[in-house]
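Here is a short briefing to read alongside the model. Please keep the structure open as you go through the points.

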Amino acid sequence: MVSRPTTVGLVFGGCSGEHEVSIRSAATVLGGLRSGDNRQRYRVIPFYIDREGRWWGEDLADRVLATQKPIDQPDPVEARGFRGLPEGSETVQVWYPVLHGPNGEDGTVQGLFQLMRQPFVGAGVLGSAVSMDKLAMKAAFAGVGLSQVPYVGLHASDLHDSARRERVLERIEAELDYPCFVKPANLGSSVGISKVRNRHELEAGLDKAAQLDPRLVVEEGVSARELECAVLGRDQLRSSVVGEVRFDADWYDYTTKYTAGLSTTVIPAELPDGVAERVQKQSLEACAALGVIGMARVDFFYDNTSQQLWINEINTLPGFTSQSMYPMLWEASGVTLDQLVHKLVQSAGE
Ligand SMILES: Nc1ncnc2c1ncn2[C@@H]1O[C@H](COP(=O)(O)OP(=O)(O)O)[C@@H](O)[C@H]1O
Ligand SMILES: [Mg+2]
């Protein structure tokens, strides 16, 4: 018996600094959903969220996918944001968000699908929201005893009056050694992050991050390799082989991440015995601690000399371009792109 194809609503773009990466990820996911056995299994309707947060149906979404370029509509300011679902959405049976960063990876869109009582791919509201906010994420990791680099959390308002500002600067310098990394808690793709080496740079880094987010993190810098592990599943999560990101730069900043040729991936990472197993185990523990299901990429720092492993972060909608770590880790683990997107749709829940 031939069963009817399932209609998948692929949602991409989004009101986030990672809008353009999302367009590239969506093209890869769409390619996977339209190849091999998936051609019979799925009918895909793409939906595009523009940079103002407005949702558009298949015609415009197809154009964005074909050109791989955002479309900005000259609509009035009062029409910004979500104003209802576009035509075609009533036939969708499973939603597949391919949105990176705020307004998509953070539980907001997941909340919409939950309210609609329709299944969707990836983590739910809690796992998405906690994973997006570096302070909430670190607290949850600490709660289950996962090793992390030392850090101090603060609020942008701590920087406003000079006495409070001095107190918080002193606290950071007492608890952490330079160099430090100053980060806005809720962005991604290294946006707003500074590596700082002294008080002057620390203040500049904090003021810059505070323009982007009221919640801030300062971390002690480690000189370490960067390892990544992919997770997939629903009731029973699975972890992939472990990969390493290598780059010819001081740290993995935005330009290094998104300029072709500036970074390379090594899959599987060449590691001493037992390290990959530690990464895989801790990746699953991290997902359990944050309530993350469906899909995640968990990132670590690893120091060769001391063999120390620190969890860095979890991404619930990791980059999914053809060059991205998440699909490549699964490919190396024996799961091809079309099998991977099929498994992800199968793992969708309400
Ligand atoms: N504590 C740290 N020690 C060393 N490098 C760091 C540290 N924190 C961040 N980095 C560098 O900055 C990059 C981006 O930081 P990360 O916390 O992963 O932010 P994002 O969520 O934007 O990816 C990391 O991949 C790493 O190269
Ligand atoms: Mg990162």
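In what order do the 4 strands of the open sheet with mixed pairing come? The order is β3-β2-β1-β4. Bear in mind that this is a predicted model. The points below start with that sheet and its helices, then turn to a second sheet and a surface patch.

**The mixed sheet**
- β3 (55–56) and β4 (94–98) each have a single partner strand and stand at the edges, so one side of each has no neighbour in the sheet.
- β3 pairs with β2 (residues 42–49) in the antiparallel sense, over 2 bridges.
- Within this pairing, Trp56 in β3 is the residue opposite Tyr48.

**Helices on that sheet**
- Helix α3 (residues 58–67) packs on the sheet and touches β1, β2 and β3. Its direction makes about 85 degrees with that of β2.
- Helix α1 (residues 19–33) lies across β1 (6–13), β2 and β4, and runs at about 160 degrees to β1.

**The antiparallel sheet**
- Another open sheet has 5 strands, ordered β11-β10-β9-β12-β13, with antiparallel pairing.
- At its edges stand β11 (263–266) and β13 (308–315); each has a single partner strand, so one side of each is left without a neighbour in the sheet.
- From one strand to the next, the twist averages 30 degrees.
- β10 (residues 238–247) pairs with β11 over 4 bridges, in the antiparallel sense, and Arg246 has Thr264 in β11 as its bridge partner.

**A nonpolar patch**
- Val191, Leu212 and Tyr254 make a nonpolar surface patch of about 230 Å².
- Leu212 belongs to helix α8 (residues 199–212), and this residue counts as partly exposed because its relative accessibility is 42%.

Note on methods:
Residues numbered from 1 in each chain as written. Chains lettered and ligands numbered in written order. Predicted model: local features only at pLDDT ≥ 70, side-chain atom pairs only at ≥ 80, totals over all residues. Heavy atoms only, no water. Pairing = 2+ DSSP bridges. Contact = heavy atoms within 4.5 Å. Axes fitted to C-alpha atoms, helices over the stretch in contact; angles between N-to-C directions. Patch = residues over 30% accessible without salt bridge, like charges linked within 9 Å, V, L, I, M, F, W, Y side chains within 5 Å. Areas by Shrake-Rupley, 256 points an atom, 1.4 Å probe, with all protein chains shown as cover. Salt bridge = Lys/Arg side-chain N within 4 Å of Asp/Glu carboxyl O. Buried < 20%, exposed > 50% of the residue type's maximum accessible area, 1.4 Å probe, protein only.
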